[in-house]
Amino acid sequence: MLVDIFSSFDDHNQVFMSLYGLIWIFSLAIVLLFSSSFWVKVPRWVEVIYLFKETITSQVFRSFGVNLGGFMGVVSGLFLFLIFMNLVGLVPYVFSSTSHLAVSFSLGFPLWLSLIVSGAVFLPSSVIAALLPMGAPAALNPFLVLIETVSIMARPITLSVRLMANMSAGHIVLTLIGNYLTASLFFLPSFSALILLSIQVFYTIFEFGIGVIQAYIFCLLITLYSDEHPH
């Protein structure tokens, strides 16, 4: 049993009979079973990479970011990197880096800042004009500029906290279920242990989807920020 729920983020922590390896095998087996028709293609790893790459590039094509040199490659690479890091964090005894604010902020802040600096260098008057909505009353202009500035400055923080909070919450829930499952092997009937095992397996599969979705949302918001780039 862990000292507290947050000790699950300690990469030196060892949980006796946590069954994380068994949960990982069961969950992966179910995913492969329901997608067996996809996995018969050769080469399989290339098909998976191109599937995710086409998903995010289609979104970039619908934004202004397609006109920014190298933006599509950066976002596509970031999308694949986040998927890899989110899924690797579910492997037993592997440190989950995306569940920490320092990592997620270091990924989101440089991209947000590059869009701001690029817009300010390319057309500074348009960047300043975007701080004030058209048709706003003159008396409210100072407040609207202040609100819009704070909103833009808070984007990298909200972008990073969203990824960190969702991944952290999932790992905490998995840890709690695993602890109850371990205790049920000794103190509860086998039927209760079977129910907890089923919950753990399906919630782990759910976390697979959450890892992919959170990576997509992270990159999607960055592409939406590129639409405000002066052009």
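Areas here come from the Shrake-Rupley method with a 1.4 Å probe, and for residues only the protein chains shown count as cover.

This is a predicted model: local features need pLDDT of at least 70, side-chain atom pairs count only at pLDDT 80 or more, and totals for chains, interfaces and linings use all residues. Residues are numbered from 1 along each chain as its sequence is written, and side-chain values use heavy atoms, with hydrogens and water left out.

Now the fold. The secondary structure comes to 9 helices and 0 strands; helices (H or I, at least four residues) and strands (E, at least two) are DSSP runs, numbered from the N terminus. Of the contacts between residues at least 6 apart in sequence, 77% join residues at least 24 apart. A contact means heavy atoms within 4.5 Å.

Next, the inside. Buried residues make up 35% of the 231 residues, where buried is under 20% relative accessible area, exposed is over 50%, and partly exposed is in between (1.4 Å probe, protein chains only).

The largest nonpolar core has 24 residues, and F71, L78, L82, F218, C219 and I222 touch the most other members. Two or more residues each come from α3 (44-61), α4 (71-88), α5 (101-122), α8 (155-187) and α9 (190-226). By nonpolar core I mean a set of buried Ala, Val, Leu, Ile, Met, Phe, Trp, Tyr and Cys residues joined through side-chain atoms within 4.5 Å. In soluble globular proteins, nonpolar side chains tend to be buried together.

What does L82 touch, leaving out residues up to four places away in sequence? The list is T98, L107, L163, A215, F218 and C219.

A193 sits in helix α9. This alanine counts as buried because its relative accessible area is 9%. Beyond four places in sequence, A193 touches L181, S184 and L185. L181 is 12 residues from A193 along the chain, with 6.1 Å between their C-alpha atoms.

Last, the outside. L101, F105, I157 and V161 form a nonpolar surface patch with about 310 Å² of accessible area together. Patches take residues with over 30% relative accessible area and no salt bridge, joining like charges within 9 Å and nonpolar side chains (Val, Leu, Ile, Met, Phe, Trp, Tyr) within 5 Å. A salt bridge is a side-chain nitrogen of Lys or Arg within 4 Å of a carboxyl oxygen of Asp or Glu. Helices α5 and α8 each supply at least two patch residues. L101 belongs to α5, and its 40% relative accessibility is why L101 counts as partly exposed.
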